[in-house]
Every structure is written in C-alpha cells, then in structure tokens.
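The points are grouped by topic.

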Amino acid sequence: MKSISSLINARNDSSSFVKGVNAALIIEKANEVLVELLGNKITKFISILYYKNGILAIQCQGSTISQELKLREGEILDNLNNYFITKNIKRLKFVPFENT
C-alpha cells in the first residue's frame, strides 16, 4: 500500500485529489491560526467552510466577529502563508450564519 505522500508526489498539482488535500491542510491550519491569534472562545462563533481558488471562506456569527476578522485579515493571511510554501491564500470571505 502506498503512503499518502507518495500518492501526492505522483499526482499532478492540478489534480482534484491534490487540491482537496491542500484545502484540508489549509483549513486545519487556519483553525489553529485563528485560535492562536484570537483565543479559544472564537471557535464558538466561527466555522471555516472551504478553501477554493485562493479564498478561505469563514462563516461568522454576527457582524462584530466578521469585523474583527476583517481588521486582522492581513495578520491571519501572513500567518497562514508563512506556513505554506505556495502562498496561495489571497483573501478571506466572510459568510453570515443563516437563521433557521
């Protein structure tokens, strides 16, 4: 059985498999960075939805949280892009929670 790293290395960077793995890694690291920069309590009010085409979508509960993240967007992006070699994360997108 092949390891995940050997599968990734054998695939083209533009394949869906590699893109999916990269997106999952970015989302995982983004959660860590947000906790590191804003504290543990922030996780109750946000949820990272997806990463696609350089955009990290974050669902926020309330405009205050969105504004705080927008003010610190540069710092968040710098922290994420310093972790990854490709520096693909271009911006954050804020999505409000839907009332059900």
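Asparagine 53 sits in the loop between E1 and E2, where helices (H or I, at least four residues) and strands (E, at least two) are DSSP runs numbered from the N terminus. The model is a predicted one, in which local features need pLDDT of at least 70 and side-chain atom pairs count only at pLDDT 80 or more, while totals for chains, interfaces and linings use all residues. Residues are numbered from 1 along each chain as its sequence is written, and side-chain values use heavy atoms, with hydrogens and water left out.

**The hairpin loop**

- The hairpin of E1 and E2 has 2 residues between its strands, and asparagine 53 takes a positive phi near 50 degrees there, in a residue other than glycine.
- With a relative accessible area of 69%, asparagine 53 is exposed; buried means under 20% relative accessible area, exposed over 50%, and partly exposed in between, with a 1.4 Å probe and protein chains only.

**The chain as a whole**

- The secondary structure comes to 4 helices and 3 strands, and from the N terminus on the elements run α-α-β-β-α-α-β.
- Of the 100 residues in the chain, 30% are buried.
- The chain exposes about 6,900 Å², of which carbon and sulfur atoms supply 52%; accessible areas come from the Shrake-Rupley method with a 1.4 Å probe, and for residues only the protein chains shown count as cover.
- Among contacts (heavy atoms within 4.5 Å) between residues at least 6 apart in sequence, 54% join residues at least 24 apart.

**The sheet**

- Three strands form an open sheet in the order E1-E2-E3, with mixed pairing; two strands pair if DSSP finds at least two bridges between them.
- The edge strands are E1 and E3, each of which pairs on one side only.
- Neighbouring strands of this sheet are turned by 25 degrees against each other on average, direction ignored; axes are lines fitted to C-alpha atoms, for helices over the stretch in contact, and angles run from 0 to 180 degrees between N-to-C directions.
- Strand E1 (residues 46-52) is joined to E2 by 6 bridges, and the two run antiparallel, whereas E2 and strand E3 (residues 91-96) pair in the parallel sense over 6 bridges.
- Leucine 56 in E2 is the bridge partner of tyrosine 51, and leucine 56 also has leucine 92 in E3 as a bridge partner.
- Alanine 57 stands opposite lysine 93 in E3.
- Strand E2 (residues 55-60) is mostly covered, since 5 of its 6 residues are buried.

**The nonpolar core**

- The largest nonpolar core has 21 residues, and those with the most contacts inside it are Ile46, Leu56, Ile58, Leu69, Ile76 and Ile89; such a core is a set of buried Ala, Val, Leu, Ile, Met, Phe, Trp, Tyr and Cys residues joined through side-chain atoms within 4.5 Å.
- The elements that give two or more residues to this core are helix H2 (16-38), E1, E2, helix H3 (63-71) and helix H4 (73-83), and the largest share, 6 residues, comes from H2.
- Not counting residues up to four places away in sequence, leucine 69 touches Leu34, Leu38, Ile46, Ile58, Cys60, Ile76, Leu92 and Phe94.

**The helices**

- H2 lies across E1 and E2, running at about 145 degrees to E1.
- Lysine 29 has its place in helix H2 and counts as buried because its relative accessibility is 17%.
- Leaving aside neighbours within four places in sequence, lysine 29 is in contact with Leu80, Tyr83 and Phe84.
- The buried residues of H3 are Ile65, Ser66 and Leu69; they cover an arc of only 100 degrees around the axis and therefore lie on the same side of H3, the arc being that of the directions from the helix axis to the C-beta atoms.
- On the other side of H3, Ser63, Thr64 and Leu71 are exposed, while the cover over its buried residues includes H2, E1, E2, H4 and E3.
- The buried residues of H4 are Glu73, Ile76, Leu77, Leu80 and Asn81, and their arc of only 120 degrees around the axis puts them on the same side of H4.
- The face of H4 turned away from its buried side carries the exposed residues Asn82 and Tyr83, and what covers the buried residues of H4 includes H2, E2, H3 and E3.
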